[in-house]
Amino acid sequence: VYASYDTDAAVTGTFTADESAVPVSRIGEYVKILKSDESTGYVLADAVTIDYGFECGMTVEEEEARKAAEEAARQAAEEAARKAAEEEAARKAAEEALRQQIIARTIAGTDFTYNPTMAVSDDDLWVLACIIDWEAGWEPYEGKLAVANVILNRVRSARYPDTVSDVVYARGGSISARFEQRLAAGPRTDECMEAALEALSGKNNIGDFTAFNGSDVINYAALSDYAIIGGHCFY
């Protein structure tokens, strides 16, 4: 390794066949190198092999084709994302339209005055109607009303969360895929929404009970008070 690009220059070190260095520049028959110890010097170009690290090459046409393919893929991804967003917005709009249709139809078709004793959002009203369907869909109307009042009694109680949705989701903080489907499709009968609205209006057929279970699995000896309605025991 020479101090400058001249064989008459001082020798500053040696560069063996098993060493590597970074080529800095090419000057005539010499290559300036940067060694691992950060020192620089000059070696004869014929004495070293320079590897530029290229594994393959491509023509200008191939490069243009690659860029065109990448741009097409980018545009396709953007279009797919746009369509997915539009479909999701349409799905949500359809669900909301269904919710409002059921709510409006039920309020108009009932023979009681909707004068809620508890203020709830449309979302919570929907969740209440759907959980009534989920828990007592094929129970008699009184059973549906009782389930609604269990939920509302919990909302009123300091021992439970203070919204309908939080009470319904309290166990794990999330809902099952099947119940998500019920939320999307809505309650299967108008009675579920009627029971939700009537319970909110103050009609209560179970007092302050905050729990229920199948009437065939209850340990009645452990209960001081309860009511059996349909296939459920409320306590």
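Buried means under 20% relative accessible area, exposed over 50% and partly exposed in between, with a 1.4 Å probe and protein chains only. The legends below describe a predicted model, in which local features need pLDDT of at least 70 and side-chain atom pairs count only at pLDDT 80 or more, while totals for chains, interfaces and linings use all residues. Residues are numbered from 1 along each chain as its sequence is written, and side-chain values use heavy atoms, with hydrogens and water left out.

**View A. The aromatic pair of Trp134 and Phe179.** Searching the whole structure gives five aromatic pairs, where rings of Phe, Tyr and Trp (its six-membered ring) pair if their centres lie within 6.5 Å, and planes under 30 degrees apart count as stacked, over 60 as edge-to-face and the rest as tilted. In one of these, the ring centres of Trp134 and Phe179 are 5.4 Å apart and the planes stand at 70°, so the pair is edge-to-face. Trp134 lies in helix 2 and Phe179 in helix 5 (residues 177-185), 45 residues apart, so that the pair links distant parts of the chain; helices (H or I, at least four residues) and strands (E, at least two) are DSSP runs, numbered from the N terminus. Phe179 is buried, with a relative accessible area of 4%, whereas Trp134 is partly exposed at 35%.

**View B. The aromatic pair of Tyr220 and Tyr226.** Here the ring centres are 4.9 Å apart and the planes are at 55°, so the pair of Tyr220 and Tyr226 is tilted. Tyr220 is partly exposed, with a relative accessible area of 27%, and Tyr226 is partly exposed as well, with 37%.

**View C. The contact of helix 2 with helix 6.** Leu125, Trp126, Leu128, Ala129, Ile132 and Asp133 in helix 2 meet Cys192, Met193, Ala195, Ala196, Leu197 and Leu200 in helix 6, contact meaning heavy atoms within 4.5 Å. By class, this contact has eleven nonpolar, no polar and one charged residues, where Ala, Val, Leu, Ile, Met, Phe, Trp, Tyr, Cys and Pro count as nonpolar, Asp, Glu, Lys and Arg as charged, and the others, Gly among them, as polar.

**View D. The surroundings of Thr210.** Thr210 is placed in the loop between helix 6 and strand 4 (212-214), and is buried, with a relative accessible area of 16%. Residues up to four places away in sequence not being counted, Thr210 touches Val150, Asn153, Arg154, Tyr160 and Tyr235.
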